[in-house]
Each structure stands twice: as structure tokens, then as C-alpha cells.
Amino acid sequence: MNTIYDFHSHSTASDGSLSPTELVRRAGDKGVDCLALTDHDTTAGLEEARQAALDSNLRFLPGIELSINWESHVFHVVGLNIDPGYEPLQSGVRKLAKIRHERAEEIGRRLEKKGITGVYEQALQLAADGMITRTHFAKVLLERQCVPTLQKAFDRYLGRGKPGYVAARWTNLDEGIGWITGCGGTAVLAHPRRYRITASRLRKFLAAFVEAGGESIEVVCGNSNPEDIHISARFAREFGLLGSSGSDFHSPESSWVELGRLHPMPADIAPVWDKPGLGLAANSH
Ligand code: AMP
Ligand code: MN
Ligand code: MN
Ligand code: MN
């Protein structure tokens, strides 16, 4: 049987709706053999997930999904097999938490100006002790019936150029990738087909990503169609990147993405799970 790797997922430590324990259990139920938890800008869920994985057949890889500014764009870079105890990573994450809180307050003020009051307080409550994200605002807007769907909350209020959109200075490519590689982790460009950017800009970014120490790209995502995979695989070949595969699972309610439900990696792409440094290769255990 084929081993199922899912190297991109979220828990209540950021904008996922399952606790790390529930996430690991669901991954096991869905046949995932190896799961990475990659919450937005936080490592807070990793210890719980690691513990939960000890009671299962599943192998667990600690990860993170960092928000990174490059030129005028925001990219998401997944770190795989990171060490949550690495001090530069932790101080980076504390900095990002502060930025997220300040941005959330500002999103709240912008929505108040549109006559929608108290959303910040509710979003904060929903995020509980997890990292606050736009997803929490979207959920509050949906719950309050300001919008008919989560997607519409982004389309009307939270997406780029909309009234509740607040640009943030996260981290830069060198610094963010340094937090990952400095503790032995592997940097992976997340969901390359989801950025609203031309192919030539993406190529320019990929050159900078490789230069900064990036090694892998998500060739297969939870919502990839065959064309997405084809195009992403081409970027992997062109830039000599390892292929990663991850669902970007957030919640059981979004039925079009499920843990471990992923197309196979194209045969000529070297998968990131065979990289000896990840500790998963057949000859490394
Ligand atoms: P943030 O990092 O706080 O800006 O929030 C980004 C998160 O919002 C992403 O990781 C997605 O989970 C979610 N998101 C962004 N755009 C959309 C969208 N159009 N529809 C649904 N969720 C989205
Ligand atoms: Mn998210
Ligand atoms: Mn992302
Ligand atoms: Mn994600």
C-alpha cells in the first residue's frame, strides 16, 4: 500500500477547528501515515499533537506555516521538521503574534467604520488562546449573518483591497527561512497556485526563495486539480525543488478538502519525504 503523507494542516492553535489531538485522530481515521501540523505563525499545537501521535500508528512531523512578505506580496512558507525549542524561531513567533494582534485590532476598527461593531472582541474569543487570523473574523461575520458564506466574508470584507483588509509587515524571506533552516527544518513554498501573481513574478520569487535556502514546493495540495499539479511540478523541476504534498486541512465542515485526500506525486519529482534530513527516509530509521 502507498504511504500517505499530509504535510500541511491546521488546528485550533491557529485557524483550524479541531484541537491538535482531534486532528491527529482524524488523520489516522483517514489513513494518513505521516502528518505535519503547520499552524499559522505558531508552534503552540505541536507538543499536544506529538503526544497524541504517540498513541497512534501515525508518524508526526512538527511544522509551521509562516507568513512572509516579498516585494508587495504575501507568501506562505511551510517549515517541516522544525525544532519548536529553537530560540530564534520562538522569538520570531512572538513577534508575529504581536503583529497579528495589532492587525486584528485594526481589522476590528475598519469593520466598525462599516457599521459592524464588536467583531474584534468576538474574533478574539473564537481564537481563544490560538493565533488570531482572518478566518476567525470570517467565521464571526458568517455567524452574524453579515455574509452568506465564509468565502463571501473574504470577497466582501477581508480580502485584499476590501474594507477590512489590513496589510501587515510579517517577516522577510531570509529571516523566515532562517528560523526554519536554523533548527534543521526544511522550507516549503505552500500552495503555489493560490497566489494572485503572474508566472514570471512567481519565478522571480522562486529564485529568491531558493537563494534564501528554500528547498521544496507543494506540488500537490488538497484542492489541486491535474493542471495545478502539472504547473507546480514544472516549477519544481525548473528550480530543482523537492515536491511536497499537503491538504491544508482546516475543518471537517469544508468538505472539499480532507486530511490525506491527495493526488499522487508525479513520478519524476523527488518527494520531500525522501530527504534524509526529515528523518522519514526508509534508510534513516
Ligand atoms: P491570515 O493569515 O490571518 O491573513 O489568514 C489567512 C487565512 O485565511 C488562510 O490561511 C485561509 O485559511 C483563510 N483564507 C484566506 N482567503 C480565503 C478565502 N478566499 N476563502 C476562505 N478562506 C480564506
Ligand atoms: Mn488558514
Ligand atoms: Mn496558506
Ligand atoms: Mn495553511
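Reader: On what conventions does the description rest?

Author: Residues are numbered from 1 along each chain as its sequence is written, and chains are lettered from A and ligands numbered from 1 in the order in which they are written. As the model is predicted, local features need pLDDT of at least 70, side-chain atom pairs count only at pLDDT 80 or more, and totals for chains, interfaces and linings use all residues, while side-chain values use heavy atoms, with hydrogens and water left out.

Reader: Which residues are the protein donors of the manganese ion (ligand 3)?

Author: Donors are N, O and S atoms within 2.8 Å of the metal (3.2 Å for Na, K and Ca); water is not among the atoms, so sites may look incomplete. Here Glu-65 (OE), His-76 (ND1) and His-191 (NE2) lie 2.1 to 2.2 Å from the ion, with the sequence spacing E-x10-H-x114-H. Because His-76 belongs to strand β4 (residues 73–80) and His-191 to the loop between β6 (186–189) and α8 (199–211), the pair ties together parts that are 115 residues apart in sequence. Helices (H or I, at least four residues) and strands (E, at least two) are DSSP runs, numbered from the N terminus.

Reader: Is His-191 buried or exposed?

Author: Buried means under 20% relative accessible area, exposed over 50%, and partly exposed in between (1.4 Å probe, protein chains only). His-191 is buried, at 6%.

Reader: Which polar side-chain atoms lie by ligand 1?

Author: A polar contact is a pair of N or O atoms within 3.5 Å; within protein, one must be able to donate a hydrogen and the other to accept it, and residues adjacent in sequence count only if both atoms are side-chain atoms. An N or O atom in the side chain of Arg-134 is 2.7 Å from an oxygen atom of ligand 1. For Thr-135, a polar side-chain atom is 3.2 Å from an oxygen atom of the ligand, and for Gln-151 the distance is 3.1 Å, to a nitrogen atom.

Reader: How much of ligand 1 does the protein bury?

Author: Accessible areas come from the Shrake-Rupley method with a 1.4 Å probe; for residues, only the protein chains shown count as cover. Taken alone, ligand 1 exposes 500 Å², of which the protein buries 77%.
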